[in-house]
Amino acid sequence: MIEGIFVEGLIYGIMVLGVFISFRILDFPDLTVDGSFPLGAALMVQCLLMGMNGWLALLVAFAGGVTAGAVTALIHNHLRVPNLLAGILTMTMLYSVNIRILGNRANVPILDQPTLLKQVTEKFTGIIPDEYILLVFFLVVALVVKVLLDLFFRTDLGMTLGAMGNNEQMVISQGVNPKTLKTIGVGLSNGLVAVSGAFAAQYLGFADVGLGQGIIVSGLASVMIGEFLMLKSNRIGVLTFCAIAGSICFYAVMYVGRFYGYLIHMTPSDLNLIKGVLIIVLLIATQAKKLKVPFKVAK
Amino acid sequence: MIELKNVSVVFGQGTINENKALKNINLKVKEGDFITIIGSNGAGKSTLFNTIAGTYLPSEGQILANDKNVTRDPEYKRAKYIGRIFQNPLLGTAGNMSLEDNMTITHKKGMKWLRRSLNNKTRELFRQQLVQLKMGLEHRMKENLVMFSGGQRQALTLLMMVFSKPSLILLDEHTAALDPKNAEIVLELTDKFISEYNLTGMMITHNMTHAIEFGNRLLMMDGGEIIFDIEGEEKKALTVEKLIQKFHELRNKTFENDRTLLAEE
């Protein structure tokens, strides 16, 4: 069971990193995520059904996510639509697109397809105890994504993205078009979300259009848990670590809720309420933390 | 350099709130000019800067930069050769990033890609640049800018802008939000950098002594027009009293004009 919690936390951790980029680094509250997560899942499943190599399929899912994010950014940039609304527009359109990708079905199983996860499990059987193979695999995947992101945010482009989230005027004053930066940033964010969706589909054994429902809330809750638990720092390596750790904590809570919730007469449909309440509690706790610091009262 | 030809800016065109913020401005900024601009609130000083920088597009007229028509260029394109400092000292730097990261971003203008240009060589360069501020900031390069005072951040913005070698710098009351001591320091640095690096600049100020003391040319604005443009020896001979007298003279004249206009209707 414990490895199941970690595997889930790590798979969704990639999505949380995407949400972290849009919400925290770019200061661009992006709701496309609810559509790009099942988009990644749908693309992965369809590519596998077509007999495509698993890694290539992952790349297709990533590209699909990047495109979805870029569409949101373009709507926001060029039609001057507020970023929240632009995300909702893309998310709504993606619902139809995802059903099309799945061949006009809402749910497509891949139980007998050779997924990436099955290949990995076969390769390492006997070397690592069976129940830990996926855990090790996803630890490596999450770590690779984290390190690549850390490197990216230390390049000139990555730093400028960070500066834009902090102070858009500064970026304009440096002769950089903030529209281009937003397209790159939101694209990258949704690319990661789609990759997370692609792994989730393989882990669950199916792709479903409803897979992304409320995923943005889960992502945001995970980011906030990470920030709450860890020390405040502006080092990108620490921040990405916090995001993944927050994801593991959040999905552990959800896991417990799903399997032991019946003890307090909880049904799976209660989980959304729990997620929302969790975010509210975190907000209150963060405020209480801040209030402890003595502050001057303005006269 | 920069030239404005017959530039007008109208807000809310065609509505009852129509406001001509700039009226047929003709202005030629020559290379090496340091122009101070004074005028009351609503005179159009900030609108003039916003129009030159590209934040607002003019309703009429042309803006030329180095003999090229840039009237329709967006702000970020013009920012490659126009440096600008705002009254708000927080607008020039990113607070939640370290000093060296900020300097890396402002080191070169234009789009950034996947290079990492922050290394020991550039760090050394930044350190040498920071020494010129004489604020000891060269020892605090890893610190986040939220830890710095407004004066320090404005001085930094100035330093980073100077080293990006803009053809024109626009200073929009950049010392107005600082305490008197810091304002003095930033103003002295401004003057020092402009003469040392032979920069072309325009500075809005509400302080007439500063307007007279600094620069080689002075513009007085009122009601969206440049009502007074003086340079060279003539400007050197100016005093605050003469300036106020001139201001009243010109203001009364426009006042009278208004009255005759109203009477005729």
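**Sheet in chain B**

I looked up the sheet of chain B in this predicted model. I found six strands in an open sheet, ordered β6-β7-β8-β3-β9-β10, with mixed pairing. Strands β6 and β10 (225-231) of chain B stand at the edges with a single partner strand each, so one side of each has no neighbour in the sheet. From one strand to the next, I noted an average twist of 15 degrees.

I then went through two of the pairings. β6(B) pairs with strand β7 (residues 168-172) of chain B in the parallel sense, over four bridges. Within that pairing I noted B:Ile169 of β7(B) as the bridge partner of B:Gly83. Strand β3 (residues 34-39) of chain B also runs parallel to its partner, strand β9 (residues 217-222) of chain B, and five bridges join them. Here B:Ile37 has B:Leu219 of β9(B) as its bridge partner.

**Cover over the sheet**

Are the faces of β6(B) covered or open? I found both covered: B:Ile82 and B:Arg84 are buried on one side, and B:Gly83 and B:Ile85 are buried on the other. In a regular strand, side chains alternate between the two faces of the sheet.

Helix α1 (residues 45-53) of chain B lies across β3, β6, β7, β8 (201-204) and β9 of chain B. I noted its angle to β7(B) as about 150 degrees.

**Helix α2 of chain A**

I took helix α2 (residues 33-49) of chain A next. Its 17 residues reach 24 Å from first C-alpha to last, close to the 24 Å expected. I counted it as mostly covered, since 15 of the 17 residues in α2(A) are buried. A:Gly51 follows α2(A) and has a positive phi, near 90 degrees.

I looked up two residues other than glycine with positive phi. A:Asn104 has phi near 60 degrees and sits in the loop between α4 (83-101) and β1 (107-109) of chain A. B:Asp67 has phi near 65 degrees and sits in the loop between β4 (60-65) and β5 (68-69) of chain B.

Why do I list A:Asn104 as exposed? Because A:Asn104 has 7 other C-beta atoms within 10 Å, and the cut-off for exposed is 12 or fewer. B:Asp67 also counts as exposed because it has 7 C-beta neighbours inside 10 Å.

**Confidence in chain A**

I read an average pLDDT of 91 for chain A, with 96% of the residues scoring at least 70. Over residues 294-299 of chain A, pLDDT stays under 50. For that stretch I found zero contacts beyond four places in sequence.

Note on methods:
Residues numbered from 1 in each chain as written. Chains lettered and ligands numbered in written order. Predicted model: local features only at pLDDT ≥ 70, side-chain atom pairs only at ≥ 80, totals over all residues. Expected span 1.5 Å × (residues − 1). Buried ≥ 20, exposed ≤ 12 C-beta atoms within 10 Å, placed from the backbone. Pairing = 2+ DSSP bridges. pLDDT = per-residue confidence, 0-100. Contact = placed C-beta atoms within 7 Å. Axes fitted to C-alpha atoms, helices over the stretch in contact; angles between N-to-C directions.
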